[in-house]
Amino acid sequence: MAAASDRPRRIRVQRDGPLLIEGPVEVVDENGEVTVSDRFEVAVCTCRRSRLFPWCDTSHRRRERRAGAPDEGGPA
């Protein structure tokens, strides 16, 4: 397996969820503030509801469902 610096970072996109990024990573926000994680994989929030933003805390799971949207794994 190639060293991390020899290959591109992998980012996995999830519908209605965070971006999963192979770490370590630096995230620079719109104000130029840098947040760093040295974990092997990080979940970056895309819904902006996370109390740990830019890191995902699964707050996207608590949002209201759109009318007509299928329930994703909820009770029957």
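Residues are numbered from 1 along each chain as its sequence is written, and side-chain values use heavy atoms, with hydrogens and water left out. Because this is a predicted model, local features need pLDDT of at least 70 and side-chain atom pairs count only at pLDDT 80 or more, while totals for chains, interfaces and linings use all residues.

Reader: What pattern does the protein follow along the sequence?
Author: Helices (H or I, at least four residues) and strands (E, at least two) are taken as DSSP runs and numbered from the N terminus. On that basis the protein has zero helices and five strands. Read along the sequence, the pattern is therefore β-β-β-β-β.

Reader: Which residue in E2 is the bridge partner of Val 13?
Author: E1 and E2 pair in the antiparallel sense, and three bridges link them. Within E2, which covers residues 19–22, the bridge partner of Val 13 is Leu 19.

Reader: Which residues make up the largest nonpolar core?
Author: A nonpolar core is a set of buried Ala, Val, Leu, Ile, Met, Phe, Trp, Tyr and Cys residues joined through side-chain atoms within 4.5 Å, where buried means under 20% relative accessible area, exposed over 50% and partly exposed in between (1.4 Å probe, protein chains only). The largest such core has six residues in all: Ile 21, Val 25, Val 27, Val 42, Val 44 and Trp 55. At least two residues of this core come from each of strand E3 (25–28) and strand E5 (41–44).

Reader: Which residues does Val 42 touch, not counting residues up to four places away in sequence?
Author: Contact means heavy atoms within 4.5 Å, and Val 42 is itself part of the largest nonpolar core. With residues up to four places away in sequence not counted, Val 42 touches Leu 19, Leu 20, Ile 21, Val 25, Ser 37 and Trp 55.

Reader: Why does Val 44 count as buried?
Author: Val 44 has its place in strand E5, and, leaving aside neighbours within four places in sequence, its contacts include Pro 18, Leu 19, Ile 21 and Trp 55. Val 44 counts as buried because its relative accessibility is 11%.

Reader: What is the length of the polar contact that joins the side chains of Glu 22 and Arg 7?
Author: Glu 22 lies in strand E2 and counts as buried, at 18% relative accessibility. Leaving aside neighbours within four places in sequence, Glu 22 is in contact with Arg 7, Arg 9, Arg 10, Phe 40 and Glu 41. A polar contact is a pair of N or O atoms within 3.5 Å; within protein, one must be able to donate a hydrogen and the other to accept it, and residues adjacent in sequence count only if both atoms are side-chain atoms. For the side chains of Glu 22 and Arg 7, the polar contact is 2.9 Å.

Reader: How many Å apart in space are Gln 14 and Thr 46, C-alpha to C-alpha?
Author: Gln 14 is found in the loop between E1 and E2 and is partly exposed, with a relative accessible area of 37%. Gln 14 and Thr 46 are 32 residues apart in sequence, and their C-alpha to C-alpha separation in space is 9.9 Å.

Terms used. Pairing = 2+ DSSP bridges.
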